[in-house]
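Let's go through a two-chain model and ask what stands behind each label. Each answer sets a value against its cut-off and then concludes.

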Amino acid sequence: MDQFIASLADGLLLGFVYGLAAMGLTLIFGVMDVINLAHGPIIALGMFAVFFLGPPGLGLHPYVALLVVAVLGLIFGAIIYFISVHRILDGPHLSSLLSTFSVNMMIIGVGTAIFTTTPKNMDFSIGGLAFWALNIPFTRLVGAFIAVLVAAALYVFLYRTQQGKAIRAVANNRAASELMGIPSTMTLALSFGIGTMLAAVSGAIIATFFSFSILSGGVYELKSFVIVVLGGLGNPTGALLGGLILGALEGIVPVFLPVSWVPVIEFVLFVLILMYRPNGLFGGGRS
Amino acid sequence: MKRLFLFVILSTITALVAACGGAAPEPAAPAQEQPKAEVAQEEPAKEEAAAPAGGEEVVTIGYTASKTGKLEVPSRGQTRGLELWLEQVNKDGITLSDGTVVKFDTKTYDDESAKERVQSLYTTLIEEDSADFLISPYSSGLTDAAAVIAESYGNVMITTGAASDATYKKGLTSVFQLYTPASRYLTGAIDMLAALDPDAKKIAFVYENAKFSTGVVEAAKAYAEEKGFDVVLFEGYDSETTDFAPFLNKIAAAEPDAVMGGGHFNDGSTLARQLYEKNTPVHFLALLVAPPELQFAELADAALGVVGPSQWEPQANYTKEAAAAAGLEWYGPTVAEFAKAYEDKYGEEPGYHAGGGYAAGVILQRAIEQADSTDPAAVKAALDDMNLLTFFGNVKFDTTAESHGLQQAHEMVYVQWQHDDQGNLVKQVVWPVEGQSAEPIYPLPR
């Protein structure tokens, strides 16, 4: 029982961060029907950004550095949008897949050349919480808290601000929103920027407790796809819940089976959801 | 106009990526490779040397290195060691009895830590680059793939950084292992635990699902059970694992006295770090590959007390006197000479991967001297007859048909990270007792 509780807690805390990463992917899909295959490397860039801004680099506190990472992620996303997404937005899906995959390869190529693939460690510890069966590092607790905070901020932004409403309008009907005077190109760039920002921030949070290299984002990109399908394509809130489900699975399954069964179960679930609930457990949607 | 601008930007970025040598599928530019023109100039010298009496013969050594990917750290040390040997041996070359001076050229490619790339790259090294002798890539998995190619072309391959026993039990005749085989990697750690704590009874094995580490822990598990230990957990993890929480929870539930396993640097250092962060209650932690690496000290307090089997350490007590006492031939530089040369060149203390890279060259050098020829069959026969002590330890190869080339004489040492008088983390040799540079810390300071 102790092992079950400890594993579930570990899984759920990580699930919040998985959910945050998946929110970026699902937001971009929801607004512009683009599956961003550069999602993984952007997560990895977020890891490197907090590493170089944080104690091993410029010396900022990692959680302060997260704010800078968020701004950099937003700008970087807008740049990617204008360079590789904007022109093929109305083309077939394959064009956007190839285009974002090219960005993926460029980031990994340049990242490998600059950073190599030697794993980096933040060497950042703020103690832990030990009671009953639980022994949880504070970095994971704070990571989960930040993930919830960012998810809440995104919700408020999308539903309570003019820019957020503009994003939702463009997602629902771009032509009509343009007729209403909404600058769709800038709105789409902002959406892509926010999606990228969420990926970068989730990467930065992960870097505070796991080692990483430029190749590390691939794992989280795969998890994000599973979560997005679980939560419903284009549904950011569903993504957060999907992240929690995946995290809980990753925590609970190893209590009863060897850990190597976890990806098998995850991807069987992925296929089952695609077959029987293609809109996800919480329904697909537009932001 | 805008399309043209976009095209120019994309072309520039693509060119930058290509220039940086990112993750392109083509072989990376050989680190030691000379420009084609220079290689071409050497060809006549090579042909000239084939004729006896006093010429210079340039022998090509081919190998792949993991310049990218998960094996980058240990592979870098191995490559540096080999490059240092090349630099030193090429100063004077090897003089054969007919006056021919043998010098070495190298051809190398980045195998990206990928087993799938190794066979085609070694084929290229042999067929296109005309490599005369081969040095293995780093890791058992990659070497196992490369060894098949070496054998099929009849090229002598010295393997280093590759401990798996299985490779040498396939009837190969051209492949010679420098490292202590995997089956003997953790047995000393089990002996050490038994000596430190006679009450310790439970061991958990958590290991990377890879050829080398699986071979090590299977042998160690059998040895532990033979010694009366109870193996309470025996589970592998994927090579790319970064979250060990499920394993830590299983370890906590099994309440072992010792945890052993790991696999390579990335996963091993992450496992050690997370065991420390979660304050998982274990008294003894022995991991493969990672602890002997200098970068392991970056884990700070999480590294303290962690034990690792090492093929060699700078504190190793291999001397000419020891060779004489054991009735063995001594060959090559002393431990201090190698360590100083390495530190002078690279500015850091050599680890065992670096020592292995250098020693692979030394073994080949001695075999060519003994054979008095660069003929593969003669060099192979010299390797079969070899039984010598170097700075890296005793080297003697199995010559039976069942396990030809398997290392028979080399022994492991066990290091542990401890604090020195100034509070800095330093590696100490703690096992075997006769080679100790410090008393082991037990239990783990947690």
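What follows is a set of questions and answers on this predicted model.

Q: Why does B:E112 count as buried?
A: A residue needs 20 or more other C-beta atoms within 10 Å to be called buried. B:E112 has 25 C-beta neighbours inside 10 Å, so it counts as buried. You'll find B:E112 in the loop between β3 and α4 of chain B. Its phi is positive, about 55°, although B:E112 is not a glycine.

Q: What makes B:S130 partly exposed?
A: Exposed means 12 or fewer C-beta neighbours and buried means 20 or more, with partly exposed in between. B:S130 has 14 other C-beta atoms within 10 Å, so it is partly exposed. B:S130 sits in the loop between α4 and β4 of chain B, and it too has a positive phi of about 55° without being a glycine.

Q: Which residues of α4(B) are buried, and why are they said to line one face?
A: They are B:R117, B:V118, B:L121, B:Y122, B:L125 and B:I126. Looking down the axis of α4(B), these buried residues fall within an arc of 155°, so they line one face of the helix. Residues three or four places apart in an α-helix point the same way, because there are 3.6 residues a turn. On the other side of α4(B), B:E116 and B:E127 are exposed. The cover over the buried residues includes β1 (56-65), β3 (101-110), β4 (133-135) and α5 (140-153) of chain B.

Q: What about α3(B): why does its span agree with its residue count?
A: Its 21 residues should span 30 Å at 1.5 Å a residue, and the end C-alpha atoms are 31 Å apart, which agrees. Just after α3(B) comes B:G93, with a positive phi of about 75°.

Q: Why is α12(B) called roughly perpendicular to α13(B)?
A: The label covers angles of 65 to 115 degrees. The axes of α12 (residues 352-371) and α13 (residues 376-385) of chain B cross at roughly 110° and come within 8 Å. That makes α12(B) roughly perpendicular to α13(B). Their contact residues divide into eight nonpolar, one polar and no charged.

Q: And what makes α1(A) roughly perpendicular to α9(A)?
A: The axes of α1 (residues 2-32) and α9 (residues 217-231) of chain A come within 8 Å and cross at roughly 75°. That angle falls in the 65 to 115 range, so α1(A) is roughly perpendicular to α9(A). Among the contact residues are A:Y18 and A:L25 of α1(A) and A:Y220 and A:I227 of α9(A). The whole contact divides into seven nonpolar, four polar and one charged.

Q: How many residues does each chain bring to the contact between them?
A: Chain B gives 36 residues and chain A gives 34. On the chain B side, elements that each supply at least two residues include α1 (2-20) and α3 (72-92). The residues of that side divide into 14 nonpolar, 11 polar and 11 charged.

Conventions. Residues are numbered from 1 along each chain as its sequence is written. Chains are lettered from A and ligands numbered from 1 in the order in which they are written. This is a predicted model: local features need pLDDT of at least 70, side-chain atom pairs count only at pLDDT 80 or more; totals for chains, interfaces and linings use all residues. Two residues are in contact if their C-beta atoms, placed from the backbone, lie within 7 Å. Helices (H or I, at least four residues) and strands (E, at least two) are DSSP runs, numbered from the N terminus. Ala, Val, Leu, Ile, Met, Phe, Trp, Tyr, Cys and Pro count as nonpolar, Asp, Glu, Lys and Arg as charged, and the others, Gly among them, as polar. The arc is that of the directions from the helix axis to the C-beta atoms. Axes are lines fitted to C-alpha atoms, for helices over the stretch in contact, and angles run from 0 to 180 degrees between N-to-C directions. Angles under 35 degrees count as roughly parallel, over 145 as roughly antiparallel, 65 to 115 as roughly perpendicular and the rest as oblique. The expected span of a helix is 1.5 Å times one less than its number of residues.
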